[in-house]
Amino acid sequence: PEGPYSFPDLVGDMVSVLDALDIETADVLGLSIGGMTALGLGLAHPNRVRTVICACARAEFPPPAIAMWDSRI
């Protein structure tokens, strides 16, 4: 569907998938934007995550990075 989208939207989608599959907790691996989303899931819903593996992603989010990812999302 047409956006706009945000990281909270992507994290919400991850929670929706877990709920739809009746998964209480998961080991989550994410690459690039998926890694950032996995970090967001761990921060917003720590009770849903056993392990987060984050590859090729940023943990910090300065304004230029926000603009770049917003255009990619």
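Helices (H or I, at least four residues) and strands (E, at least two) are DSSP runs, numbered from the N terminus. The model is a predicted one, so local features need pLDDT of at least 70 and side-chain atom pairs count only at pLDDT 80 or more, while totals for chains, interfaces and linings use all residues. Residues are numbered from 1 along each chain as its sequence is written, and side-chain values use heavy atoms, with hydrogens and water left out.

D22 has a positive phi of about 60°, although it is not a glycine. At 66% relative accessibility, this residue counts as exposed (buried means under 20% relative accessible area, exposed over 50%, and partly exposed in between, with a 1.4 Å probe and protein chains only). C56 also has a positive phi, about 55°, and is not a glycine either. C56 lies in the loop between strand 2 and helix 3 (63–72). Back in the segment before helix 1 sits P4, and the peptide bond that runs from G3 to P4 is cis, with omega near 10°. As background, most residues other than glycine have a negative phi, and most peptide bonds are trans.

Now for the inside of the model. The largest nonpolar core is made of 8 residues: V11, V15, L18, A26, V28, A38, L41 and V49. A nonpolar core here is a set of buried Ala, Val, Leu, Ile, Met, Phe, Trp, Tyr and Cys residues joined through side-chain atoms within 4.5 Å. Helix 1 (7–20), strand 1 (26–31) and helix 2 each supply at least two residues of this core, and helix 1 gives the most, with 3 residues. In soluble globular proteins, nonpolar side chains tend to be buried together.

What does L41 touch, not counting residues up to four places away in sequence? Its partners are V11, M14, V15, L18, V28, P46 and V49, where contact means heavy atoms within 4.5 Å. T37 is placed in helix 2 (residues 33–44). With a relative accessible area of 6%, T37 is buried. Leaving out residues up to four places away in sequence, T37 touches F7, L10, V11 and M14.

On to the charged pairs. The structure holds 2 salt bridges, a salt bridge being a side-chain nitrogen of Lys or Arg within 4 Å of a carboxyl oxygen of Asp or Glu. One of them brings together the side chains of R48 and D19, at 2.8 Å from N to O. This pair links distant parts of the chain, 29 residues apart: R48 belongs to the loop between helix 2 and strand 2 (49–55), and D19 to helix 1. R48 is buried, with a relative accessible area of 11%, whereas D19 is partly exposed at 46%.

D27 forms a salt bridge with R50, and their closest N and O atoms are 3.3 Å apart. Here too distant parts of the chain are linked, with D27 in strand 1 and R50 in strand 2, 23 residues apart. D27 is partly exposed, its relative accessible area being 48%, and R50 counts as exposed at 54%.

Not counting residues up to four places away in sequence, R50 touches T25, A26 and D27. The side chains of R50 and T25 are joined by a polar contact of 2.9 Å, and a polar contact of 3.3 Å joins those of R50 and D27. A polar contact is a pair of N or O atoms within 3.5 Å; within protein, one must be able to donate a hydrogen and the other to accept it, and residues adjacent in sequence count only if both atoms are side-chain atoms. The C-alpha atoms of R50 and V28 are separated by 7.8 Å, and the two residues are 22 apart along the chain.

How many disulfides does the structure hold? The count is 0, with a disulfide taken as a pair of cysteine sulfur atoms within 2.5 Å. C54 is in no disulfide, as the nearest cysteine sulfur, that of C56, is 8.7 Å away. C56 is in no disulfide either, and its nearest cysteine sulfur is that of C54, 8.7 Å away. C54 is partly exposed, with a relative accessible area of 32%, while C56 is exposed at 67%.
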